[in-house]
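Visitor: I would like to know the grounds for the terms used in describing a model. Can we go through some of them?

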Amino acid sequence: MKKSLFSMLILFFIGFQSILAQGREISGVVTSADDGLSIPGVSVIVKGTTIGTTTDFDGKYSLNVPDGEKTLVFSFVGMTTQEVEITAATLNVVLETESIGMDEVVVTAIGIKRSEKSLGYAATSVKGDDITKAAPTNALEGIQGKVAGVSISSASGSPGASSKVILRGYSSITGSNQPLYVVDGTPVDNRRQGENSSTRSTDFGNNANDINPDNIESVTILKGASATALYGSRAANGVIMITTKSGKAGKMKVNYNGSFELTTPLRLPQLQNEFGQGWSGHFAYEENGSWGPKLDGVVRPWGNVVDNQQLLKPFKAQKDNVKDFYDLGTTLNNSVSISGGNDNSTFYASFNNVNADGIIPTDADSYKRNAFSLKGTTKYNNLTVSATMNYIRKKAKSVATGQGSSTGATLFQELTQIPRDVSIVDMKDYNNKFYNVDNFYTPYAQNPYFVINENGNDYTSDRVYGNVSLDYEFTSDLSATFRAGTDITNSMLKDWQAIGRPKAGSPNFSRSPDVGGVMEQSVHSRELNTDLILKYNKDINEDINLNVLAGWNVNQNNYRRHESSIEELTIPNFYNLSNTPNPPKTETYESKKRLYGVYGQVDASYKNFLFLTLVARNDWSSTLPKNDNSFFYPGVSLGFILTDAVESLKSNVLSFAKLRTSWGKTGNDADPYQIYNTLVSGSAYGGFGSLVFPLKGVPGFEISNQLGNTGLQPELTTEMEFGMDVRFFNSRLGIDAAYYSKETNGQILPVDIAATTGYTSKIVNFGKVENKGIELSVNIVPVKTKDFQWDMTWNYSRNRNKVLELPAGLDKVSIYSAYGIEFNAEVGKPIGVFKGQTFKKSPNGSIIVNASTGIPLEGAKEDYGTAERDFQMGLVNNLKYKNWRLGWSLDYRQGGLMYSYTARLNYFVGNATKTTYNDRNPFVVPNSVVDNGDGTYSANTTAVPKSRINEYWNQTNNPGMSQEHVLDKTYVKLRDVTLSYSFNEALLKQTPFTQLSLTAYGKNLFIWTPSENNFVDPEGSTYGNDLRSEFGEFAGGPSVRSFGLSLKASF
Amino acid sequence: MIASLGSCENNFLDVNTDPNNPPAEVGTPALIFPSAVASTAVRVGGEYAILGGMWSQYWTQSNAANQYKFIDAYNVNSDKFRGSFNEMFSGALNDYNFVITKAQENEDWIYLLMGTVMKAYSYEVMVDLYDKVPYTEAFQGDANLTPVYDDGDFIYRELIKEIDNALAQDFNAATNSVPDKTDFVFSGDATKWMQFANTLKLKFYLRMVNAFPAEAKAGVESVFANGIGFLTEDAAMTQFEDGPDKSNPFYEYNYRQLNVATNLRASKTLMSFLLANSDPRLDAIYTPGSGGQVALDQGNFNVSSTVVDPNSVSVAQQSPLEPVRFISAAESYFMQAEAVARYGVAGDAKALYDLGVHAAFNQFAFDPELYKDVLPNLDPTVLLASGGAYEYPNGTFEHNLEAIITQKWVSCVGSHALEGFFEQNRTGYPSVSAVYSDDSEYKAGQFVYSKEGITNGLFPKRLIFSGDEYSRNPNTPTEVPVTGKVWWAK
């Protein structure tokens, strides 16, 4: 009964014509060449007519073919269309998967599935299987380097670290540049948890990383404005659409994916091994640097005298002292899913557990995740109800980066300040009398083992996201969808630092004590999103098909944070907000944002070779001025398949050619509360430390230093795109190219203004930022035989960013700065220009030095260059031989600058390799002069004396040295290598398994950087995952390489 | 949600009132004034005190640390002290302006006086550091994003007019509010605020003695004649506690928040003076090092630790409870003494000088615990007595002025240090030594050019216009070197 109902439905789909026709009955089953399973929904049409049907859930069809018709056409999205001559009453057909995505189905905005070839804009899909090849714990890691125009980086080598995804360059100077993540049609929150300052930064990952990669069916990346306009406001930076797996009708299926992985440091600073502990050229046991004499191997006493004892050490390089500090990291990643269903209902349930502990000794860097997912669909008459629901619990510990503060130190800051001849692992017992707080060899740094063992944090979050969707078919042409989704996260963070107070009279008493502290933070975020969509599909006539969609969207975002902290602990090792003589600092923040929008889209196709799409959306946002809160943005795109329009062009050489072009706008509203001027709680910042109200029972408020803007306008991005997709030699060679040009107008940001106006910043809409670029992707199948196939994909992208306008009177806007290095937006240059101190130069370009010290004088600040890369490219190779598969990918990013505090600190302490210049003998700065004070200069003869060589390399004494801390961030990485073996199905027949494969893999096995950067992995950043992250790193940790084994089994 | 949207779309979107920060309209003088005073205190008594104290040669940079080398080497550029400049203008002065405007609207004259005096004081510091700052076009927010810079003497005269306007109001009118503890300085005592105002005017006129002697004389005579009188106690913020974000800002900055709390070491200049005169304040001003009370020559921070053991040198003594004195009682007496000595206004210069020294010795009472060993010895009676080291010279004007300013110089050590630098800048006292302080010819207490100075033997006289102003306000004047005199300097 049910089946017949369904057949009725199908009849509705194809119209009544077929029923009325006379002829013979042809039937059969359509199966897939891939797995032999039947394919429901295959379109079966009598060639040259509109008579046809679709296969049912069992892949069966039956069709009345008029007399005289000889051919049936079987087509299904993602499969090669087959024409079969009618030779018998039963025709069973096997369909093959489309070779290289020639007619792949992609999920476009609002979950509309469309054939890729019909799109007028770039949309790249990556299949779940390709993402999970090297068992990543987050899906984005699996896409790294594989898609043109998409820049994906990991913030660090720590487990659970944030991913940074930037599509087509940065458009926003202080706003978000993050793409919008949409899971099964509902936007999800991608907030990053953690701090990003130079003092104490932590990283507990971004929410998009929570999604279990094993649940992903496909990821589609929509980059251009016309592709994303339907998603409204937040889609201005592109959309990452994730479609999760669903159950399929048929036998229940169980899938298991498991992996075990080991990690080791990939890039540690390369350090000099010639000079040992000391300062100013002489040995000093209490120094935190390697500015001492040349290492001679002689055993000498060192460190503080404790109980009339002193340690001995050979004055010899400990080449691997930093490397030896690290442990082997481990990651266990297990997923299991069960799915199945019948004709009316399907379900999919999965569980994923990740348990990772990074390379830092102890579990101070660890990440644990349990994720449960449920997805189900059921049909009743014309109504389909589907729901997904995910619960994720995450526990993470993150090793703080940055410089540390008076409450406690940070690890990498301390680790870097260890002289080259000092063994680090020997200090492991930080309670040992020579290595404890009182007697640690230097008062300027702390035992790193104290820091990782005594200071730490605990982050836990509970997150639920999912949606419910109702689809109703009024007629075969008209249907409606109502979808409501939510994403709720509650997280708790506790962060603590221990007391490290050298006893009075102890050697380290002069050091300011670490007074210890506790911070507790709870964050609640909630997003609600509902869409009501009407869809209308009509074949106007034989040639023209019309697909119309109209929608209404309501979105609400709530956020609430409560943070309390104390400085100075009373009882050691007791971490509670009550444990202090000082009042706790408490801060709360909440925000609410609402938006609704109406949108529409019209797709029209002509003869299946010309495709036109019109989109438009209007939004009303709560964050814009009340009487002016509406904004409209349209888009249009056109796809033209040359080889279908002019069939004669198709040949053995040219298999497919498509041209596409689009133009579109996207709008972006403001963050909440930027319209009105406010008072803020009184806090007078003193440079180091503040006076924070209430003071002695007196409350205080002050006028906010930020001026609101009652005339705030939304940001609008206009983008134009041209592209083509050409394939040759039966699709063995495919080239996809895109050119885009977009301009973001009216950026919303607080611009620094002169404090003498009474305010220091003002919210403005200002000028323009332009991004232009090209994206190129080349697929080659050099070899394809029955047993052996080699697929190769090369992608290339370059983006040219330019700030076109800044607010009147300003020639730059500051993005960030540290240690005199500014990171600015400047007119006529890419966002993110590094500006810093230089050497003072005479008119003919010689370096002017201080006549008495020989050290260069400080010159004016100059631009060093920009953070923008010249280009990036990736190369992905896959070899398939019988049951074996071998794959590897390279990721190459050329150019751009980054700031490295790790470099700065290594120069400061004399561990950097360059500091052995001239064997640390006195030297005259090359091409240097002294200023005679009368406009003339004479050649400098003052050598930098041995005792001041450390000052020469120290930015405080020689500010022009800042240039050494801004590095070329070019790199080439061997992203992954995977070797897998799938057992023969025939062999598996005797086992419970239907599929079984084993994979050995390596990730980030190798990195190459230019010689000037022998300090850090330029992919990392300690400044989050948006524009500020391009500034660089501040005492960040090393990146990692990993090796693993994984097992995939289905039964 | 959809139903609510349909019925009432405007209410649905009307959620943009910031729940975290109150709207600017609810601001009152009582809410804003305390945080403005805190802003003045945190900068003048914090970062500026470190600058002033090094340039006053109370302290020098330790040879075992780096923090303030640039100050001690006179190596300041437009990048330095930007934060202080910004906080003074946007955190302090803008808020005083708000208080003044609101007080005027409400005819709340006591707040008008408090706001005006604190504004004038804060402005004076900025003028004295930078020579020129915006005044006529300042604090207009959106209406003027690029205020022009006004001459310092013009600003002084305008501020005096503002003070006179505030003093002319009726503090007994019913429209006055009761500031009580929201007034950190005098708990709303109008008489004391009037004295503060009058003493501040005296300070303004004394600053003019080099540039506008006639105007200075007339002004000094007027403030002595108007019957308001002068401060007899500190005009200070005292509401500090020993805890993070609640302490004296100099302590918070240099001690609590830095990883090395011993950057500021005793300078030979002040220590030699105290030792030469057996001044008991020595142990209140410095914490002895392992070598007892030992000083480092000014700017000798590059000396090797094998030559001078850093642990042997005395460290600046600091207390989290130290008041930030805007004008100290001692300073008030010393200014009056100078006015009498200089212009012969009615008064007894010696008596005022003695009162000043007594007040200066009494300045350490705020922390009885920290100074418990020193306090009993802090009595200048013997030093001031006939034949004592600090006896008022009663000689030529220059002799008298040198004695007055030298004692004022010693009295400013600590959070009030910036004033010591200004006064040396104005009067030339303490005088400058012809030799460095390690020379046998060196006379105790004389200024020496920093060992690591980078300004060719010229002393610093001002700060360089802020780099933030340069990048945001095209009306910022051309850079003047740190050795360029401000308008009133000698």
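Predicted model: local features only at pLDDT ≥ 70, side-chain atom pairs only at ≥ 80, totals over all residues.

Visitor: What makes E1 and E4 of chain A a pair?

Guide: Pairing takes at least two bridges between two strands. Strand E1 (residues 24-32) of chain A and E4(A) have six bridges, in the antiparallel sense, so they count as paired. One bridge joins A:Ser27 to A:Ser62 in E4(A).

Visitor: Which strands form the sheet, and in what order?

Guide: The sheet is open and has three strands in the order E4-E1-E7 (chain A), with mixed pairing.

Visitor: Why are strand E4 (60-65) and strand E7 (93-95) of chain A said to stand at the edges?

Guide: Each has a single partner strand, so one side of each lacks a neighbour in the sheet. Neighbouring strands here are turned by 35° against each other on average, direction ignored.

Visitor: How much space lies in the second largest cavity, and which residues are closest to its centre?

Guide: The space is about 500 Å³. Of the 35 lining residues, the closest to the centre are A:Ser151, A:Tyr170, A:Arg869, A:Gln872 and A:Glu1030.

Visitor: What makes a residue part of that lining?

Guide: An atom within 4 Å of a cavity point. Strands E11 (150-154), E12 (163-167), E42 (788-803) and E48 (871-881) of chain A each supply at least two such residues. E42(A) gives the most, with four.

Visitor: How do the lining residues divide by nonpolar, polar and charged?

Guide: The lining of the second largest cavity has twelve nonpolar, 13 polar and ten charged residues.

Key:
Residues numbered from 1 in each chain as written. Chains lettered and ligands numbered in written order. Heavy atoms only, no water. Axes fitted to C-alpha atoms, helices over the stretch in contact; angles between N-to-C directions. 1 Å grid on protein atoms, 1.4 Å probe; cavity = no way out; pocket = protein on both sides within 12 Å on 5 of 7 lines; lining within 4 Å. Points joined across faces, edges and corners; volume = space filled by probe spheres on them. Nonpolar A, V, L, I, M, F, W, Y, C, P; charged D, E, K, R; others polar.
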